[in-house]
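Please look at the sequence and the structure before reading on.

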Amino acid sequence: MPKRRQAADANRRNFLKGAGLVGATAVAAVTPPVGANAFPAAPQEKAKAALPGPRQIAAETMPPAGDPVNQTTSGGDFMADVINSLGIEYMAINCASSYRGLHESIVNHGNNKPEIITCVHEDIAVHMAQGYAKIEGKPMAMACHGVVGLQHATMAMYNAWCDRVPVLVFGGNIMEADKRAPGAEWLHAGVDIGQIVREFTKWDDQPASLQHFAESTVRAYKIATTPPMGPVFLALDAELQENPIRDAESLRIPKFAPVIPPQGDSGAIAEAAKMLVEAQNPIIVCDRVARTPAGMANLVALAETLQCGVIDNAGRMNFPSRHPLNQSFRRTLIGQADVILAIEMNDLWGTLTHFSDRIVRKSRPATKPDAKIITLGVRDLFLKSNYQDFGRWQDVDLDIAGDGEASLPALTEAVRRLVDDGRKSAFENRGKKHAAAHLAMMERSKTDATIAWDASPITTARMCAEVYNQIKDEDWSVVGTAIRLNWMHRLWDFKKPYQWNGGSGGAGVGYNLPASLGAALANKKHGRFTLAFGGDGDFMFNPGALWTAAHHQIPILYIVHNNRAYHQEYMYLVAMAARHGRGVDKMDIGTTIKNPNIDYATVARGMGAHGEGPITDPKDLAPALTRAIAAVKAGGPAVVDVVTDPR
Ligand SMILES: Cc1ncc(C[n+]2csc(CCOP(=O)(O)OP(=O)(O)O)c2C)c(N)n1
Ligand SMILES: [Mg+2]
C-alpha cells in the first residue's frame, strides 16, 4: 500500500478508536445495559458528532511531512501568478476536478487571488463576467469543467461574443489519454475542447507547456481587449496544473501592453467632416461607442459642435438621456436626414430600415433615397461565418474602419475647422429645434407615463417611476436590463458613464439576472447603488445567481418585471394567429408562466436574498421598495416582484 494511503488508514483507525466506534471499549460505551437507564444517550450523541467530516477526511489525505510525493511546486501556482500578473480581480467558477490544480493554487498559493466567485451554473459565471467588464472596463475570468462545464457556458459566451465583451474563459481538460481515470475523466475530456466555442470566441488555445500557458494567457487577454473585443478560451491541461514545475528558471511571465485602438484614416475623417458640415439635416446613430468614460464625452463634443441629433441604440452608456440633442425617441429623423453618421453600430441595416413580420416579412428603407451614409467603427474588422450576428448588408457611401471612441476627437476637430460664423449660427438654430423637440418628447413621456397610473396590476411606467423616485439621489447604476423597457431612457437622468451598461448582445434570455450581478460586483468597490429590471422569464433561467449574490454579499436591487409570461413570444404567437384569423384565445399555451404563479420573493428568500412581493397594488410598491433598498444598503441582494400583467 502506498505510504500516503497507509498513513491515512492508520490515522482513520486511530480516529475511529478514539471516537469509541471500534473495539471492545466502544461496544461497552455505546450499548446501555438491558432495562437500565444508567447510561444516558450522551456517549452515542458524542460519537455521532465526532464522525469524520469533510475537513477531517481532507486532513487525512494530506501526505505526512517528508513524504517523497510531497510537492513543493505545481504548475497551477505559476498559472495563478500569470493570471494575477494581468490584474484580474475575480474568477467566477463552478468547481471541477479538471482544473482542481489551478483552483487549489489560486486559493492557497494565490491566497484567493483572483477572488473566487462561486456560481451554481457556468452560464451565470460567464454572464457575470460580461456584466462586470461593461462596468469595470476590463475582463474577469471564469473557469469551467472540460466539455460539460463548457457546454453550459456556451450561451453566455455567445451573448458576450455578440455584445463584443471580453471574457477570459478557462476550461479544464486531461490531454493525455493514459492519464485519465476511468469514468468521468474520459466523459469530460476532449481532443480539442475549444472547438465547442470556436465560432463565437475571438481566439482559443490549448497550451502544452507552462511557458506556452503564460504566453497564450497574455495573448488571449490582449486579443480579448483589442476592439472589436470578445470572449477568448483556454483549455487547461490537468497534468500541467497538477505536476511540479520542472524548469522554473526558464519560465517567464510575458509583459502585457494594451493595444492602442486604431483611429480612422485622417483623409477619410476629413471627408466625413466635410459631408457632415455641409449637410442640412445630419444625424448621428450609434450603439457601442463608449468603451471608457471618455466615450460619452467624445460623442457629446461632436454632437454639440455639429448641433445635430443623436439616436442612441444604447448598447453602451453613449449619450446623456437628457441632453437636448438626444433624439433617441424621434426615429423619424432618420427619414429626414441627408447625411447619417453611424458609429459602432451593431445592426446598421436594422436601424435604417422599417421592418415588419407581423403579417408577412416585409421591409422598406427608413432613409431618404439620396441620403449619404458614413460608418465609423471596428465592427467589420473581425467576423466569423456560421453565426449570423453581422446582420443584413447595408449600402454605405463612406466606410471608415477605426475605433469610434478613439476616432471621435479627430473628427470633431476636423468639423470645428470647417465651421465658419455663418454655419455656426445655422447650427445653433438647428440645435434649438432639437432641444425643443427633446423637451416636448420628455413632456409627452411624462404624460404617457400617467396613463393607467393607479391600475392594478402595475404599469411598467409606474414601476419605473416609483423606482426612480427612491433611487435618484443615490449614486445609481442600472445594469443588465432589457432596453425595450424604455421608460427609464425616456424619463430618467442618465449622465454618468456607469449608469447604464447595455443589453445582452445576443438576445439570449437568461442574461439579465447574472449579468446584473456581475455589474453589481464591479460597482461594489466604488460604493455605487446597483439596480436592474429583469423579466420573469429571464429570472427563471438562472435564479441560482441570487445565491451567489447572497453568498458573496453583492448588493443589488433586482426588480422582477413579472408579466407571468414570455410576453414577447406571446405577442409573436398572437401575430401568427392574426395571419390566419384564428382568434387568440389559445395563445397562453406555451407562452405563459402561471398555474401555479411563481412567488419570486420566496425564491429569493430561499437563496438568502431579501424578497418583496408579489406586488399587484401600486400603493404597495413604494413601501416595498423602501424595505428592499434598506436591505441592499445593508450589503446584500433584494428582489422585488412587481406584477405587471393580470393574466
Ligand atoms: C435562450 C433563449 N430562449 C428563448 C428565447 C426566445 N425569447 C425571446 S424573448 C422571450 C421571453 C422572455 O421572457 P421575459 O424575460 O419574461 O420577458 P417578456 O417578454 O415577458 O417581457 C423568449 C422566451 C431567447 N431569446 N433566448
Ligand atoms: Mg415576462
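Angles between axes under 35 degrees count as roughly parallel, over 145 as roughly antiparallel, 65 to 115 as roughly perpendicular and the rest as oblique. The axes are lines fitted to C-alpha atoms, for helices over the stretch in contact, and the angles run from 0 to 180 degrees between N-to-C directions. This is a predicted model, in which local features need pLDDT of at least 70 and side-chain atom pairs count only at pLDDT 80 or more, while totals for chains, interfaces and linings use all residues. Residues are numbered from 1 along each chain as its sequence is written, and side-chain values use heavy atoms, with hydrogens and water left out.

The protein has 25 helices and 18 strands; these are DSSP runs numbered from the N terminus (helices: H or I, at least four residues; strands: E, at least two). Its C-alpha atoms fill a box of roughly 105 × 65 × 50 Å along the principal axes. Of its 647 residues, 52% count as buried, that is, under 20% relative accessible area with a 1.4 Å probe.

| Pair | Angle | Distance between axes |
|---|---|---|
| α12 (residues 266–278) and α16 (residues 404–418) | about 50° | 9 Å |
| α5 (residues 75–85) and α6 (residues 100–109) | roughly 65° | within 8 Å |

Because of their angle, α12 and α16 are oblique to each other. Their contact (heavy atoms within 4.5 Å) involves Ile269, Ala272, Ala273, Lys274, Leu276 and Val277 of α12, together with Ser407, Ala410, Leu411, Ala414, Val415 and Leu418 of α16. By class, these residues are ten nonpolar, one polar and one charged. Here Ala, Val, Leu, Ile, Met, Phe, Trp, Tyr, Cys and Pro count as nonpolar, Asp, Glu, Lys and Arg as charged, and the others, Gly among them, as polar.

The helices α5 and α6 are, by their angle, roughly perpendicular to each other. Gly76, Asp77, Met79, Ala80, Asp81 and Ile83 in α5 meet Gly101, Leu102, Ser105, Ile106 and His109 in α6. This contact of α5 with α6 has five nonpolar, four polar and two charged residues.

Thr548 lies in helix α22 (residues 545–551). Is Thr548 buried or exposed? Thr548 is buried, since its relative accessible area is 0%. Apart from neighbours within four places in sequence, Thr548 is in contact with Ile117, Thr118, Cys119, Val120, Met128, Leu517 and Ile554.

Conventions:
Chains are lettered from A and ligands numbered from 1 in the order in which they are written. Buried means under 20% relative accessible area, exposed over 50%, partly exposed in between (1.4 Å probe, protein chains only).
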